[in-house]
Amino acid sequence: MWRKLLTICSVVLVLSACSSGPKELPPAKLVKFNPEINLSVSWSRSIGDGQGDLYNRLAPAIDGSIIYAADAEGVVMAMDRFNGKVKWKKKLKLPVSGGVSANNGVVLLGTLKGEVIALDSSTGDVRWKGQVNSEILSAPVTNGNEVVVQTAADTLFGFDIVTGNQLWRYDNYPAILTLRGSSTPVITQDIAVFGLSTGQVVALDVKQGIPLWGQVIAIPKGRSELERMVDIDGKLLVSGSTLYVVTYQGQMAALELTTGRILWQRMASSYTGVGQNAGTAFLSLADGTVQAIDERNSSELWANTQLARRQLSGPATFYNYVAVGDFEGYLHLMSQLDGHFVARRKIDGDGVRVQPLVVDNIMYVYGNGGKLVALTIK
């Protein structure tokens, strides 16, 4: 099947070229404000070339006291997450395009060539390599027994975490035209949940790859393939027994994790995923609006439109704040209460594309140019 992957930047360019209306507006200029808190850098490290020349969305991962990060050329590093001290560094010389995740003693990566790489988390040595049918654009994940992988062609695979042997394969028909990317699967001891380029979510038995339930989140609409794109590209989020998912040009929805029953849904367009804290879900919409949603009834609590068209990362919650990165490499902090700005800091001149990672009271931000920064509030 003929397929084409577009970055969000190329979508904007194509839509602008096709439009007979007003010219595309530029990214919003940053507004001035009086900072209310001080974001302090605890440590920073350079991780090779970062996201590289392609529209990769490589993100760091934490397991215990160690943070793991990779660049697009196959540099993988393990660092003490409290002080940034390097534990080990490997140069795999592979085109890494999906990763990383770390759990149960392994670090998992995917490549443009469809390779699944499992490293020993204590040494960085390769435990095993697997092979799938197309490039991998999100991190493989594990529950300690199985590893599940989603390819850019929406084919899903299960592997044995010890041997790397393929356990099952589940094929889907991907959309003809999609954004470049795929959502990182969610895995439990029993099920694995995947967001597809067709705007659907599927849950499989993690041991056998048997479908348990499927749910349509958004239905493609419009005359052109551009208008009909409803990818699920952002990271799926589980909070308690609820699964949150958002599509591009479609819907945000809350579902029961075990059954797929939709609890509520509302119009939304995002390619970066969902943040959540204390009964509120947060979105970075495709137009640059940051939005807070009441999880009880799906109503909007507030919206900040002052970062319009700044190609925001997914939102992360940090203390009582919401954090997003942008294409110029700024990290913005907003109040969870009403969305007003409380702090801003430049992280990486090449931009910040991936959702910040927050563990305990430390926020880790990985810039497109490879700068990994640990931040705290002073």
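Me: Why is Thr111 called buried rather than exposed?

Reply: The model is a predicted one, and the values discussed here are computed from it. Thr111 has a relative accessible area of 0%, and because the term buried applies under 20%, Thr111 is called buried. This residue is found in strand E8, which covers residues 106–111.

Me: What makes the pair of Thr111 and Glu115 a polar contact?

Reply: The side chains of Thr111 and Glu115 are joined at 2.9 Å, and since a polar contact asks for N or O atoms within 3.5 Å, one able to donate a hydrogen and the other to accept it, the pair is counted as a polar contact.

Me: Is Ile66 buried or exposed, and how do you know?

Reply: Ile66, which lies in strand E4 (residues 66–70), has a relative accessible area of 15%; because the limit for buried is under 20%, Ile66 is buried. As for its place in the model, Ile66 and Arg309 are 243 residues apart in sequence and 35 Å apart in space, taken from C-alpha to C-alpha.

Me: What makes E13 and E14 a pair of strands?

Reply: Strand E13 (residues 156–160) and strand E14 (residues 166–170) share four bridges in the antiparallel sense, and because at least two bridges are required, they are taken as paired.

Me: Why are E24 and E27 called edge strands?

Reply: The open sheet is formed by four strands in the order E24-E25-E26-E27, with antiparallel pairing. E24 and strand E27 (300–304) each pair on one side only, and they are the edge strands. Neighbouring strands of this sheet are turned by 20 degrees against each other on average, direction ignored. Strand E26 (residues 290–294) is joined to E27 by four bridges and runs antiparallel to it, with Val290 standing opposite Asn304 in E27.

Me: What residues line the second largest cavity, and what makes it count among the cavities of 30 Å³ or more?

Reply: The second largest cavity has a volume of about 30 Å³, and the count of cavities of 30 Å³ or more comes to two. Its lining consists of Tyr55, Asn56, Arg57, Ser97, Leu137, Arg180 and Gly181, which divide into two nonpolar, three polar and two charged residues.

Me: Which residues and elements make up the lining of the largest pocket?

Reply: The largest pocket, with a volume of about 1200 Å³, is lined by 42 residues, of which Thr184, Lys235, Leu236, Gln355 and Leu357 lie nearest its centre. The elements giving two or more residues to this lining include strand E3 (61–63), strand E7 (96–103) and strand E32 (357–359), and E7 gives the most, with five residues. The lining of the largest pocket divides into 23 nonpolar, 15 polar and four charged residues.

Definitions and conventions:
Residues are numbered from 1 along each chain as its sequence is written. This is a predicted model: local features need pLDDT of at least 70, side-chain atom pairs count only at pLDDT 80 or more; totals for chains, interfaces and linings use all residues. Side-chain values use heavy atoms; hydrogens and water are left out. On a 1 Å grid over the protein atoms alone, a cavity is a set of points where a 1.4 Å probe fits but cannot get out, and a pocket is an open set with protein on both sides within 12 Å along at least five of seven lines; lining residues have an atom within 4 Å of a point. Grid points are joined across faces, edges and corners, and a volume is the space filled by probe spheres set on the points. Ala, Val, Leu, Ile, Met, Phe, Trp, Tyr, Cys and Pro count as nonpolar, Asp, Glu, Lys and Arg as charged, and the others, Gly among them, as polar. Axes are lines fitted to C-alpha atoms, for helices over the stretch in contact, and angles run from 0 to 180 degrees between N-to-C directions. Buried means under 20% relative accessible area, exposed over 50%, partly exposed in between (1.4 Å probe, protein chains only).
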